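Dear colleague,

I am passing on the structure we spoke about, and below it you will find my notes on what came out of it. Please read them with the structure open beside you.

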Amino acid sequence: MLAGLVLAALLPTGQVAAGEPTRATPTHAIAMHGAPALPSDFSHFRYANPDAPKGGRLTMGVLGTFDSLNPFIVRGVPVQAVRGHVYESLLTRGYDEPFTLYGLLASRVETDPDRSVVTFTIDPDATFSDGTPVTADDVIFSWALLRDHGRPNYRTYYAKVAKAEALGPREVRFDLAGANDRELPLILGLMPVLPRHAVDPAHFEETTLKAPLGSGPYVVESVDAGKSVTLARNPRWWGRDRAVNRGQWNFDTIRFDFYRDDNAWFEAFRKGLYDIRVETDPGRWETAYGFPAVRDGRVVKEEFPTGLPRGMAAFVFNTRRPVFSDIAVREAIVRLFDFEWINHNLFFDRYRRTGSFFEGSELSHRGRPADATERALLAPFPDAVRPDVMAGTDAPPVSDGSGRDRAALKAALDLLARAGYVLDGGVLRHRASGQPLTFEILVTTKDHERLALAFARSLERAGIVPSIRVVDAVQFEQRRIQFDFDMIPNRWDQSLSPGNEQAFYWGSAAADEPGSRNYMGVRSPAVDATIAALLRARSREDLVSAVRALDRVLISGHYVVPLYHLPTQWLARWSDVRHPAATSLYGWLPETWWRADGR
C-alpha cells in the first residue's frame with residue numbers, strides 16, 4: 001500500500017462544498033504574475049516551426065553514466081531525458097515568458113484570486129502510451145506517491161497541499177489552504193503524471209532499468225546499461241496535434257549515448273557519433289573546432305542569445321565542515337581565486353566573472369541599491385547584508401592577472417589572521433590548535449580538475465593545503481547527495497521567475513535533507529525570510545525585490561567561490577540537423593529541432 005495515500009470521496013462534478021472558495025472561470029493557461037501572453041486559440045509557440053519535417057534520428061552525447069530510468073527518486077543516477085520525453089505534466093511552459101504554463105494533459109486550469117485552491121480539467125483525449133486514459137485518480141496517485149516517496153523537492157512542494165480530490169473522472173482539485181504559496185498552483189501544473197495501474201508504490205524508491213510507461217511523445221525502445229538509451233516516437237501519442245506541441249518532438253528516434261571521459265566525449269562529436277554539442281570551454285571553442293567537418297561546413301558553430309539569468313557556477317563551501325564555518329575563512333578563499341589569470345591563460349579571455357546568483361538579469365542586485373521593499377524585508381536582519389552589497393556597489397575581487405598578486409594575497413592573509421590562522425613555515429595553521437588549514441576539492445571531470453589545480457596553486461601561496469580528488473560520476477553524485485565533501489564545483493541555473501526551488505537550493509529546512517541542492521548548508525533566517533517573501537509576492541515588482549534581497553544575503557554570506565559565465569549559449573551541430581529561426585527567451589530548445597533529410 002502507498003503510505004499516506006488517501007483518496008477523498010468523489011463529489012459530483014461542479015458541486016461546491018460549503019465554505020470553499022468561489023470557482024473562477026477555467027482558462028487555457030496560468031501566469032505566475034499578470035496574464036498569459038498567448039490567447040486560447042494560438043496555433044503554435046513563436047520559437048517552434050509548425051512546418052518542421054518529422055522523421056529521422058537525433059543522437060545526443062551525454063557526459064557521465066546512468067543506472068536508473070526513474071528521475072523522481074534520490075537513489076541512483078537517472079536518465080534525466082525521461083522526464084520530458086516519456087512523462088508529461090498537466091501544464092507545460094511557454095518559453096517566451098518568465099513563468100507561464102499552458103494546457104498539456106490538462107486542457108483547463110482554474111484558481112481563485114488567493115490561489116487557495118486549483119482545479120485541473122484533463123483533456124478527454126489524454127492517454128498513456130498503452131492507450132489507457134489519463135484520469136483524475138492518476139493525478140492524485142502521482143501527487144501522493146511523489147509527496148511520500150519522491151525526491152526532497154517533491155516532498156517539500158506537495159506536502160503543502162491540504163487535500164486532493166477528484167470532482168469527476170477528468171477533474172481534480174487541490175486544496176491549498178494555509179500554504180501561503182502563490183506559486184503552488186503552477187508547481188502542481190508541472191507535476192509529472194504517472195499511471196496508477198502501472199506503478200508499484202512498494203518498489204518505487206528502487207532504481208530500475210525497466211522501461212517506464214508515460215503519456216509523452218516517446219517510449220523507451222532500448223537500454224544498454226550505463227551506455228545508451230534509445231527513445232522511439234509513440235505512434236499513438238495523444239498530444240501530437242495540440243498547439244503547445246506543434247513543431248516540436250520531430251525525430252522518430254532519439255538516442256542518448258553516455259561518455260565517461262571528457263576527451264572521448266568531444267572526439268565522438270568530431271567523428272559524427274552524435275549530432276549536437278553544447279560547448280562551455282572557451283579553449284576548446286577557440287582551438288579544437290578546426291577539424292575538416294567544420295572547415296567544409298558539415299559542422300556549424302553557432303551562438304544563441306538567452307534572456308535567462310546566467311546562473312551561478314562556483315566552487316561550493318560545505319559549511320557543515322568546521323574548516324568552513326568561519327565566514328572570514330570563506331571570504332579569504334574567495335579572494336584567492338585569480339579569475340583574471342585563469343581567464344587569460346586557460347580561457348582566451350572569453351568568460352565574464354559572475355558576481356550574482358541571478359547574473360545578467362533584472363533579478364540581480366549588482367549595480368542596484370536596495371529599494372524600499374528590500375530594505376523593509378531585510379530590516380530584521382541588520383547583519384545579513386554587507387553595506388556595499390546593500391548599495392549595489394560590490395564586485396568580485398579583481399587581480400592584476402599575474403598569478404602572484406601580492407595585494408590579493410595580503411587581503412586574504414589579513415582575513416585569515418582575523419579567523420585565528422598564522423603562517424608557520426609556509427603552512428597556515430590555527431593559532432589555538434596548530435591544525436593546518438586543509439581541505440579536499442572533489443571533482444569528476446578533466447575540466448574541473450584543471451580548474452581546481454589552478455585554484456590550488458593560489459591557495460598554496462597563502463599556506464593553505466588543498467588536495468584534489470577525482471572520482472567517477474556515480475561516486476561524485478552519491479557524495480554530493482549526502483553532502484560528503486569539503487568543496488565541490490556546482491552550477492545552479494535560474495529562471496526569470498524564481499519560486500519554490502529556492503527553498504530547495506538555500507532554505508534552512510533543506511540544509512540537512514539528503515538530495516536537496518543546498519550543498520553549502522545555508523541556515524539563515526534572512527534567506528528563509530526572502531524566500532517566503534518571493535513566494536507570497538502578488539506582483540512582478542514585489543517578486544523582483546524579494547529575489548534581489550535574497551541575492552544580497554547569499555552574496556554577503558560567501559557560501560561559494562563564484563566562477564564565471566558565457567554571455568551566450570555556444571553550440572556546434574552537424575549541418576543536417578536544423579533549428580527554427582526564432583530563439584526562445586530561454587535560449588535553444590532541442591525539442592524544436594529536426595533533421596533536414598528526415599532520415
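Among the contacts in the protein with a separation of 6 or more, 73% are between residues 24 or more positions apart. Please keep in mind throughout that this is a predicted model.

As for the secondary structure, the protein has 17 helices and 25 strands, and its C-alpha atoms fill a box of roughly 80 × 65 × 45 Å along the principal axes. A compact globule of 599 residues would have a radius of gyration near 25 Å, and the protein agrees with this because its own value is 25 Å.

Turning to the interior, 57% of the 599 residues count as buried. The largest nonpolar core holds 114 residues, and the members that touch the most others in it are F120, W143, F174, L188 and W506. Helix α17, which covers residues 540-556, gives the most to this core, with nine residues. If residues up to four places away in sequence are set aside, W143 touches Y158, V161, A164, F174, L188 and M191. There is also a second, separate core, which is made up of 56 residues and includes Y259, A268, I441 and Y564.

With best wishes

Notes: Residues are numbered from 1 along each chain as its sequence is written. This is a predicted model: local features need pLDDT of at least 70, side-chain atom pairs count only at pLDDT 80 or more; totals for chains, interfaces and linings use all residues. Side-chain values use heavy atoms; hydrogens and water are left out. Helices (H or I, at least four residues) and strands (E, at least two) are DSSP runs, numbered from the N terminus. The radius of gyration is taken over C-alpha atoms; the globule rule is 2.2 Å times the number of residues to the power 0.38. Buried means under 20% relative accessible area, exposed over 50%, partly exposed in between (1.4 Å probe, protein chains only). Contact means heavy atoms within 4.5 Å. A nonpolar core is a set of buried Ala, Val, Leu, Ile, Met, Phe, Trp, Tyr and Cys residues joined through side-chain atoms within 4.5 Å.
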